[in-house]
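Okay, thanks for coming, everyone.

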Amino acid sequence: HTYNIAVIAGDGIGPEVLAEGVKVLKEVAALDGTFQFSFTHFPWSSAYYLKTGKMMPDDGIDQLRPFDAIFLGAVGSPDVPNSVTSRDLLIRIRHDFDQYINLRPVKLLKGAPCPLADVKREDIDMTFVRENSEGEYAGSGAWLYKDQPNEVVIQNGVFSRKGCERVIRYAYELARKEHKTLTNISKGNALNYSMVFWDQIFAEVGKEYPDVKTYSLLVDAASMFMVKNPKRFQIIVTSNLFGDILTDLGAAIAGGMGLAAGANLNPEKKFPSMFEPIHGSAPDIAGQGKANPLATVWSASQMLDFLGYPQWGKKLIAIIEDLLVEKKVLTPDLGGTATTSQVGDEVVRKLEET
Ligand code: NAI
Ligand code: MG
């Protein structure tokens, strides 16, 4: 079988880390022998925008539709407003392909740095199920009386019954399958429509999962506990905005941005899903060979899980852990002196060794 993968490397360190991700996936397919990857590169980026006035062509979504998956680096540049790079490409793809699950592992691998005192490595092992299609990122709102003294802006949070139910159900299913607890993170005390509704649906869907042990936390308390007592979290379900913020906190306690991956899933596989490191284009280190490609390798591992090769997904995580423990071939963010491509080569070498 051949999997067709659309590669959107993007800006800054995006192309640097994606090159390593592609290298690793090719090696996995070569070693497996039962499938292969065919990669098609799309130049959509800030540079493309500066040339054409668009982040992607008008039929960009149609061009991506036939692919089995999308592998994305990062978009963002000091020369283009972030609202454009992100809304017109990333958020557009997530929305149009109904990638309503954002799955973000927060797991402290052996050898990975952690800024928390008194924490055991096994205590940081959680999975965020972040709502990825609506909420505060739905793009709904109004800008009234622009530039007048009574100027007002309104940013709506959009929460549909269907949208809440499907992400909450996904999280319950995952908790059931993995025999883990499920924590609902919301803010019903202050967001008196959206989060009251969300909590209500969490309770409703939960009736079908009496076997799953649940907890509910307000987002502010949850952010404190992620630092003070991360052990209490296993599977977490939360809204788009809260999930965005909490998963950066998660990255910080589990090895840093250079190790954090995220999958944007359309679980029904009606449309392609998208796999990406969660970091941005890092203009401060772009073009210097300093970018850590391991977050991208981790997202490649999520792609392999999703395509039905969890044994290869696990293998890649084990190799990342080996690199972290050995501390010989790591990029500067993890205290090493290796370049981006040396780290990718080392992952490939370890794959060949097994
Ligand atoms: P960033 O994630 O690009 O960088 C934050 C810090 O982490 C920087 O010091 C950077 O050097 C470091 N860093 C990030 N990834 C790294 C890696 N793989 N290896 C080593 N160090 C790494 O976030 P920032 O600076 O807020 O945003 C830069 C640009 O990226 C902006 O234009 C932003 O809009 C865009 N962005 C794009 C995202 C995406 O495409 N998914 C996500 C986040 C930001
Ligand atoms: Mg983010």
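So, which helix does V167 lie in? V167 sits in helix α5, residues 161-178; helices here are DSSP runs of H or I with at least four residues, strands are runs of E with at least two, and both are numbered from the N terminus.

Quick housekeeping. This is a predicted model, so local features need pLDDT of at least 70 and side-chain atom pairs count only at pLDDT 80 or more, while totals for chains, interfaces and linings use all residues. Residues are numbered from 1 along each chain as its sequence is written, and chains are lettered from A and ligands numbered from 1 in the order in which they are written.

Back to V167. Is it buried or exposed? V167 has 29 other C-beta atoms within 10 Å, so it counts as buried (20 or more is buried, 12 or fewer is exposed, in between is partly exposed, with C-beta atoms placed from the backbone). Skipping neighbours within four places in sequence, V167 contacts Y100, I101, V129, E131 and V237, where contact means backbone-placed C-beta atoms within 7 Å. V167 and S239 are 72 residues apart in sequence, but 9.1 Å apart in space, C-alpha to C-alpha.

V129 has its own list: beyond four places in sequence, it touches I101, L103, V167, Y170, A171, L174, I235, I236 and V237.

Both belong to the largest nonpolar core, which has 99 residues. A core here is a set of buried Ala, Val, Leu, Ile, Met, Phe, Trp, Tyr and Cys residues joined through C-beta atoms within 7 Å. I70, F71, V129, V167, A171 and I320 touch the most other members. Helix α9, residues 294-307, gives the most to this core, with 9 residues.

Now the domains. The assignment, automatic or from a database, gives domain 1 as 1-104 + 260-354 and domain 2 as 114-254. Their centres, over C-alpha atoms, are 24 Å apart.

Last, ligand 1. Which residues come nearest to it? Of the 24 around it, those are A74, G76, H279, G280 and N292; being around it means a backbone-placed C-beta atom within 6 Å. The largest share of that shell, 3 residues, comes from α4.

Definitions and conventions: Two residues are in contact if their C-beta atoms, placed from the backbone, lie within 7 Å.
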